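Hello,

Here is the structure I promised to pass on to you. Please open it next to this email, and then read on for what was found in it.

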Amino acid sequence: MPALKKPNILITGTPGVGKSTLCDKLAEKLNFEWHDISKIAKENDFIESYDEDYECPVIDEEKLLDYLEPIITRGGNIIEYHGCDFFPERFFDIIYVIRCNNTILYDRLKERNYNEKKLRSNIECEIFQTILDEAKDSYDESIVFELKCETTDDVDNNVRTVKEWYSNWKRK
């Protein structure tokens, strides 16, 4: 991949941990493009099937990756999704796994009207740090970082953390 003018960032984590809130602020502060994978998949018919138990679409990863390739090549992207292991490592310069206290997460998912099975599954995913482990198993651990996102102060601190990383990245 050619040298980029701006890096690509992956923001991942269990549904409800605060990915979208963080991505919204980061996109504004860094002047990056924010790509919500779930929205992209729906808007472009990259849906392979529908999981009735979890009441969610199953993404056609191959179509999605083909779509993302030219976007990623340009750089300056924030990619948001609740999974990460299917993205090629070359897509990202850094990966942030967003984490949240289970009590707070439970309340957030309950507000979204998640069914009991989906709610329980996502809480277990957070308890067992499934997404963090997936990221560490799929990418060089030197580019995988964990961020807590429970309060507005956490969001502000996370924005500062990512901005600081970006400032250092630009100096390389």
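Let's start with E146, which is partly exposed because its relative accessible area is 45%. (Buried means under 20% relative accessible area, exposed over 50%, and partly exposed in between, with a 1.4 Å probe and protein chains only.)

Before going further, a word on the source: this is a predicted model, in which local features need pLDDT of at least 70 and side-chain atom pairs count only at pLDDT 80 or more, while totals for chains, interfaces and linings use all residues. Residues are numbered from 1 along each chain as its sequence is written, and side-chain values use heavy atoms, with hydrogens and water left out.

**Salt bridges**

What does E146 pair with? Its partner in a salt bridge is R99, and the closest N and O atoms are 3.1 Å apart. (A salt bridge is a side-chain nitrogen of Lys or Arg within 4 Å of a carboxyl oxygen of Asp or Glu.) R99 sits in strand β6 (residues 94-99) and E146 in strand β7 (residues 144-148), so this pair ties together parts that are 47 residues apart in sequence. (Helices, H or I with at least four residues, and strands, E with at least two, are DSSP runs numbered from the N terminus.) R99 itself is buried, with a relative accessible area of 14%. A network of salt bridges links R99, E126 and E146.

The whole structure has 7 salt bridges. Another of them joins the side chains of K148 and D154, at 4.0 Å from N to O. Here K148 is partly exposed at 46% relative accessible area, whereas D154 counts as buried at 10%.

The helices involved are worth a look. The axes of α4 (residues 102-111) and α5 (residues 116-127) come within 10 Å and cross at roughly 155°. (Axes are lines fitted to C-alpha atoms, for helices over the stretch in contact, and angles run from 0 to 180 degrees between N-to-C directions.) The two are therefore roughly antiparallel to each other. (Angles under 35 degrees count as roughly parallel, over 145 as roughly antiparallel, 65 to 115 as roughly perpendicular and the rest as oblique.) On α4, the contact is made by N102, L105, Y106, L109 and K110; on α5, by E116, L119, N122, I123, E126 and I127. (Contact means heavy atoms within 4.5 Å.)

**Helices α1 and α7**

At what angle do α1 and α7 cross? The axes of α1 (residues 19-30) and α7 (residues 152-171) come within 10 Å and cross at roughly 45°, which makes α1 oblique to α7. From α1, the residues in contact are T21, L22, K25, L26, K29 and L30, and from α7 they are V155, N158, V159, V162, K163 and Y166.

Leaving aside residues up to four places away in sequence, I11 touches K19, L22, C23, L26, I78, I79, E80, Y81, Y96 and I98. The C-alpha atoms of I11 and W34 are 10.0 Å apart, and the two residues are 23 residues apart along the chain.

Best wishes
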